Amino acid sequence: MSRRMVEADKKVEKNKLYKTKEAIEILKELKKTKFDESVELHIHLGIDPKQSTQIVRSSCVLPAGTGKTKKVCVLAKGEKVKEAEESGADYFGSEDIIEKISKGWIDFDVLIATPDMMKDLAKLGKVLGPKGLMPNPKAGTVTNDLKKVVEEVKKGRIEFRNDDYGIVHCGVGKISFDTEKLVENVKTLLETVIKAKPSQSKGEYLKSIFITTTMGPSIKLDSNEFLKKK
């Protein structure tokens, strides 16, 4: 075992459920890398991911941001293009942007579209879908309120969706963030995941929650910390 793993093995009790603050403090203490590691949550949900009615997909604005600057591209027509520009979008347009994307250009992190652009954008589903960039009403990226959504993305808005195993993987900031800010981000995300619970999902919803960093150990959180607030 590496020295880092030996230290982690001493600090993290395998069968213990940790409170968020304590877990983050341990991850900070174990950090040995020179770069600013990302902090991630891995949430195993009690859903059947094969059922379309049990897909968990939503978005939220992390109070302390993500620690990353996201490039935003907006597809709109007429006056909405001007609104996109004034809201701070990095790229904006309509047919011209669609043509660029069709030729392989994807120099953005988030794609937002007004409802009237979705018909033209549909042909790029096979290109944008696998990359998770296709605008979607449930994720809030199909909207006429461009100013609000663009500003939220710039402030720290994130989108999440469960994978084929019913697990949500999501970044909640950087290890350099103050502990309290990371705790706030974690709680905001978990509250949103709980609110997004499908009505068809029965039994235990939050099966397990793990918090980790890019190079650190995984620490299991106590789900009751979040369920009590529900």
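Me: What volume does the largest cavity have?
Reply: This is a predicted model. A search of the whole structure turns up one cavity of 30 Å³ or more. Its volume is about 50 Å³.

Me: Which residues lie nearest the centre of the largest cavity?
Reply: The lining of this cavity divides into four nonpolar, two polar and four charged residues. In total, 10 residues line the cavity. Nearest its centre are Leu30, Lys31, Glu37, Thr213 and Gly216.

Me: How many residues line the largest pocket, and how do they divide by type?
Reply: The largest pocket holds about 700 Å³ of space. Lys70, Gly132, Ile158, Glu159 and Phe160 lie nearest its centre. The lining has 33 residues, and these divide into 13 nonpolar, 10 polar and 10 charged.

Me: Which element gives the largest share of the lining of the largest pocket?
Reply: Consider the elements that give two or more residues to this lining. They are β1, β2 (57-61), β5, β6 and β7. The largest share is six residues, and it comes from β7.

Me: Which element gives the most to the largest nonpolar core?
Reply: This core has 37 residues, and Leu41, Ile43, Leu45, Leu189, Leu206 and Ile211 touch the most other members. Two or more residues each come from α2 (20-30), β1 (38-45), β6 (157-161), β7 (167-174), α8 and β8 (206-213). With seven residues, the top contributor is α8.

Me: Which residues of α8 are buried?
Reply: Buried here means under 20% relative accessible area. In α8 the buried residues are Thr179, Leu182, Val183, Asn185, Val186, Thr188, Leu189, Leu190, Thr192, Val193 and Ile194.

Me: Why does the end-to-end distance of helix α8 agree with its number of residues?
Reply: Helix α8 runs over residues 179-195, which is 17 residues. The expected span is 1.5 Å times one less than the number of residues. That gives 24 Å for α8, so it agrees with the distance between its end C-alpha atoms, 24 Å.

Me: Which residues does Leu41 touch, not counting residues up to four places away in sequence?
Reply: Leu41 is one of the core residues that touch the most other members. Leave out residues up to four places away in sequence. Leu41 then touches Val168, His169, Cys170, Val172, Val186, Leu189, Leu190, Ile209, Phe210, Ile211 and Leu221.

Me: How many residues are in the second, separate core?
Reply: Leu75, Ile98, Ala113 and Leu121 are among its members. The second core has 14 residues.

Me: Why is Ile106 classed as partly exposed?
Reply: Ile106 sits in the loop between α4 (95-102) and β5 (110-113). Beyond four places in sequence, Ile106 touches Val127, Lys131 and Leu133. Partly exposed covers the range between under 20% (buried) and over 50% (exposed). Ile106 falls in that range because its relative accessible area is 25%.

Me: How far apart in space are Ile106 and Pro137, C-alpha to C-alpha?
Reply: In sequence, Ile106 and Pro137 are 31 residues apart. In space, their C-alpha separation is 21 Å.

Me: Is Lys16 buried, partly exposed or exposed?
Reply: Lys16 lies in the loop between α1 (3-11) and α2. Beyond four places in sequence, Lys16 touches Glu22 and Lys220. Its relative accessible area is 27%, so Lys16 is partly exposed.

Me: How far apart in space are Lys16 and Lys82, C-alpha to C-alpha?
Reply: In sequence, 66 residues separate Lys16 and Lys82. In space, C-alpha to C-alpha, the separation is 53 Å.

Terms used
Residues are numbered from 1 along each chain as its sequence is written. This is a predicted model: local features need pLDDT of at least 70, side-chain atom pairs count only at pLDDT 80 or more; totals for chains, interfaces and linings use all residues. Side-chain values use heavy atoms; hydrogens and water are left out. Helices (H or I, at least four residues) and strands (E, at least two) are DSSP runs, numbered from the N terminus. Buried means under 20% relative accessible area, exposed over 50%, partly exposed in between (1.4 Å probe, protein chains only). On a 1 Å grid over the protein atoms alone, a cavity is a set of points where a 1.4 Å probe fits but cannot get out, and a pocket is an open set with protein on both sides within 12 Å along at least five of seven lines; lining residues have an atom within 4 Å of a point. Grid points are joined across faces, edges and corners, and a volume is the space filled by probe spheres set on the points. Ala, Val, Leu, Ile, Met, Phe, Trp, Tyr, Cys and Pro count as nonpolar, Asp, Glu, Lys and Arg as charged, and the others, Gly among them, as polar. A nonpolar core is a set of buried Ala, Val, Leu, Ile, Met, Phe, Trp, Tyr and Cys residues joined through side-chain atoms within 4.5 Å. Contact means heavy atoms within 4.5 Å.
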